[in-house]
Amino acid sequence: MKLRLFDTYTRSIREFVPLKPPDVGLYACGLTVYDYAHIGNLRTYTFEDILRRSLEFSGYRVKHVMNITDVGHLTSDADIGEDKLEKGSRRSGKSVWEIAEIYTAEFKKDLERLNILEPHIWCRATDHIREQIEFIQCIESKGCAYRTSDGIYFDTSKVPDYGHLARLNATGLKAGARVDMSEKGNVTDFALWKFSGPDEKRQMEWDSPWGRGFPGWHIECSAMAAKYLGPFFDIHCGGEDHIMVHHPNEIAQTQACYGTRLAEFWMHGYFLQLDQARMGKSVGNFLRLQTLIDRGYDPMVWRFFCLTAHYRAKLNFAWEGLDGATTALHRLRAASYEWGDPGASDKTFMDRFIAEVEDDLNMPRAMAVTWELVKSNLPAATKKATLLEFDRVFGLGLGAWRPVAESIPDEVLALVAERQRARSARSWQDADALRERVRQSGFDIEDTAQGPVVRSRRATAEGDGGM
């Protein structure tokens, strides 16, 4: 395969060629563990999983590193406000260390539920304070840092192309700045190390050459990525919200210290939208994966739903869309199971699928090829083998799924029969209302040429064997 991937740094789709083939270094910005991950976060991690699977499908040996931010991420990107972990601690009454442990464990559980491959290396910011201090000392030795009364700051004026990733106009920002500059030399300067205030009682703070305090948010990724992947590696990923501040600052730090832009490719997953607005914890409109599970959805339905949009397109959330994904995933699972043992894959379909994956991970078109395969007249064993090859990228766990035996309660069967009578009488509104009552009872109806088929929503999605 010859993957072509969109690089945010160059704003172009370029052929991916590893720096040291067949090895590929992949760094992904992990969660700030002051709260649960929401399904918008998990959309980004699903995209990154598809990327990793596609690289491995292409024969590359991936080294996947993901950080856990458990200190230094303030409530404002302008280096003001509270540390998010400290704020979460006050809200819950638990220590910051307990908060970090709880939400890290929940985050990892969500990734497992979505069949997202675990990174080869997890790295916590609090486990790498020494590396961050050394990185700041390197920046300081190059003349790119200065001291203020509240911390050590990066001087962005020392980096001629600062903000190139975000296409920032630093001069325009300076001229139009309406923020409290405090002691900052430039509006774009950012904290490398923050001092603990004299009246501030922090649970996470460390001694440093500059005074007792804690690292800024951006330095952790530069330091840990360089430690585990080197100062210039293949791909750095994150959400689109990192394009404007976090990733330009990571790049600036690495340029100052090592003279590189940290990664050859910078890739970003786009937002999930709820009612046409970005889903996020900061705006209080987020849904957890557990919320979907509590409503009867298999978590893999969320993964399938994410495959219906390109990772660089905004995805609108709707419960109706999840219902459609539930039905589609069940059909794919059922077809794969009914085809029996796999034979040899079909070259024509494989070539078409690979072409879509190569085209910047175009999962919607790859899924369209999949449905053509399902409807084709190829032998069942050939279709099964080809689909399982596709699933090496999709990650839906189709080969492990098995149907479960289930009994339908009499009251649900009565509703289904009543709905059939309403449909026969063309009373569509009544039929829809009855379908919703069946759904609220935990079952789905699939209308077929042979009549309605009723399945438990949880059994439909999960099957026996799960992922």
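This is a predicted model: local features need pLDDT of at least 70, side-chain atom pairs count only at pLDDT 80 or more; totals for chains, interfaces and linings use all residues.
1. **The largest cavity.** A cavity here is a set of points, on a 1 Å grid over the protein atoms alone, where a 1.4 Å probe fits but cannot get out; lining residues have an atom within 4 Å of a point. Grid points are joined across faces, edges and corners, and a volume is the space filled by probe spheres set on the points. The largest cavity has a volume of about 120 Å³. Its lining includes Arg 43, Phe 47, Cys 306, His 310 and Met 363. Helix H1 (39–57) and helix H12 (363–375) each give at least two lining residues, and H1 makes the largest share, with four. Helices (H or I, at least four residues) and strands (E, at least two) are DSSP runs numbered from the N terminus. By class, this lining has nine nonpolar residues, two polar and one charged. In these classes Ala, Val, Leu, Ile, Met, Phe, Trp, Tyr, Cys and Pro are nonpolar, Asp, Glu, Lys and Arg are charged, and the others, Gly among them, are polar.

2. **The largest pocket.** A pocket is an open set of grid points with protein on both sides within 12 Å along at least five of seven lines. The largest one has a volume of about 810 Å³. Of its 38 lining residues, Asn 41, His 73, Lys 84, Asp 241 and Arg 278 lie nearest the centre. H1, helix H2 (84–92), helix H6 (217–229) and strand S10 each supply at least two lining residues. Here the classes come to 12 nonpolar, 18 polar and eight charged.

3. **The parallel sheet.** Five strands make an open sheet in the order S5-S4-S3-S10-S11, with parallel pairing; two strands pair if DSSP finds at least two bridges between them. Strand S5 (121–124) and strand S11 (262–269) are the edge strands, each pairing on one side only. From one strand to the next the twist averages 25°. Axes are lines fitted to C-alpha atoms, for helices over the stretch in contact, and angles run from 0 to 180 degrees between N-to-C directions. Seven bridges join S10 (residues 232–239) to S11 in the parallel sense, and Cys 237 stands opposite Met 267 in S11. Helix H7 (residues 246–258) packs on this sheet, touching S10 and S11, and its direction makes about 175° with that of S11. Contact means heavy atoms within 4.5 Å.

4. **The antiparallel sheet.** Strands S6-S7-S8-S9, in that order, form a four-stranded open sheet with antiparallel pairing. Strand S6 (145–148) and strand S9 (213–215) each have a single partner strand, so one side of each is left without a neighbour in the sheet. Strand S7 (residues 151–154) and strand S8 (residues 190–195) share four bridges, and Phe 154 has Phe 190 in S8 as its bridge partner. Helix H4 (residues 129–141) packs on the sheet and touches S6, S7, S8 and S9, with its direction at about 120° to that of S8.

5. **H4 against H6.** The axes of H4 and H6 are 9 Å apart and the helices pack at an angle of about 100°; they are therefore roughly perpendicular, a label for angles of 65 to 115 degrees (under 35 is roughly parallel, over 145 roughly antiparallel, the rest oblique). Phe 135 and Ile 139 are among the H4 residues in the contact, and Ile 219 and Ala 223 among those of H6. The contact has six nonpolar, two polar and three charged residues.

6. **H9 against H10.** The axes of helix H9 (residues 299–306) and helix H10 (residues 319–338) come within 9 Å and cross at roughly 100°. The contact residues include Trp 302 and Phe 305 of H9, and Leu 322 and Leu 329 of H10. By class there are 10 nonpolar, two polar and one charged.

7. **The hairpin.** Strand S1 (residues 4–7) and strand S2 (residues 12–15) run antiparallel and are joined by four bridges. Leu 5 stands opposite Arg 14 in S2. Four residues lie between the strands, and Arg 11 takes a positive phi near 55°.

Technical notes:
Residues are numbered from 1 along each chain as its sequence is written. Side-chain values use heavy atoms; hydrogens and water are left out.
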